[in-house]
Amino acid sequence: MAIPLLEIKHLTHSYTDGNGGIFDISFSVSRGDFIILAGRNGSGKTTLIRHLNGLLRPLEGEIRLHGNNISKDLTLTRKTVGMVFQDADTQIVGDTVFDEVAFGPENLNLDRKLINKKVFQILERLDLTRLKDRNPATLSGGEKRKLAIAGILAMDSEIIIFDEPFANLDYPATQSLLAIIFDLNKKGQTIIMATHNVETLLNSASRLLIMSQGRLVEDGSIEDLLGKLESHGVKEPCTCKIKAIPPWRP
Ligand SMILES: Nc1ncnc2c1ncn2[C@@H]1O[C@H](COP(=O)(O)OP(=O)(O)O)[C@@H](O)[C@H]1O
Ligand SMILES: [Mg+2]
């Protein structure tokens, strides 16, 4: 059997104050998957995904990337598994948009010419070129999130994880972000997205995981699991109830 891209085995974490955490979570991620991780606030989504690039260490269990434990080489892990945090501000380190995107490749010690070429390509792809000299602090919420994605793309991460990417974004910004993420997935990048806005992703995602009280309670196809969302505190998309609502993705 082929080795899964990412394998989560019996993952357990508890916070030092004894509250919350996640319990005995197991699932595998295949190349090209687009996974929605749904669940009410406090169900453990952020705790789970922060383990996937080694930001949090498991109390029990392990995570394997290409068959190797991720803690063996955290630099490689963080290069392979990119994370776009819920709060884009916490991720910003550069003085300009350009520097921000260049930061990751610079740390990989890539050739300067190669870095510049790559940064320009990514800025163009995400429609950020006109903002290249701006201070990231002056960007709008949607622009900051795009910038965070640009920074991850510059690392050529195989897997990109998004934590509630639509929080505070209006409808056009959500649509534009969805189009970018869908395009990444189409070109082969593996996507895991924690969100409780399942409706936005109906036509994009391939698989749904549902968390409740720190446990993974469902893992399957979207069609099979939509009807179970509301019992776990996540709104069932209206689209399933009234077939006439168009998808969010343009
Ligand atoms: N840093 C922390 N210290 C203590 N408890 C935490 C911490 N972060 C999260 N928790 C608790 O762990 C549980 C899961 O939280 P979280 O992973 O943030 O859920 P979600 O992302 O689904 O909203 C919650 O009960 C939360 O209060
Ligand atoms: Mg969260």
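I begin with Lys 45, where a polar side-chain atom lies 2.8 Å from an oxygen atom of ligand 1. In the side chain of Thr 46, an N or O atom is likewise 2.8 Å from a ligand 1 oxygen. Gly 44 contributes through its backbone, with an N or O atom 3.0 Å from an oxygen of ligand 1. A polar contact here is a pair of N or O atoms within 3.5 Å. Of the 560 Å² that ligand 1 exposes when taken alone, the protein buries 63%, by the Shrake-Rupley method with a 1.4 Å probe.

On provenance: this is a predicted model, in which local features need pLDDT of at least 70 and side-chain atom pairs count only at pLDDT 80 or more, while totals for chains, interfaces and linings use all residues. Residues are numbered from 1 along each chain as written, chains are lettered from A and ligands numbered from 1 in written order, and side-chain values use heavy atoms, without hydrogens and water.

The shell around ligand 1 (residues with a heavy atom within 4 Å) includes Tyr 15, Asp 17, Arg 40 and Thr 47. That shell divides into one nonpolar, eight polar and three charged residues, with Gly counted as polar.

Finally, the C-alpha trace of the protein chain spans about 50 × 50 × 40 Å along its principal axes. Thank you.

Terms used
Polar contact = N/O pair within 3.5 Å; in protein donor to acceptor, adjacent residues only side chain to side chain.
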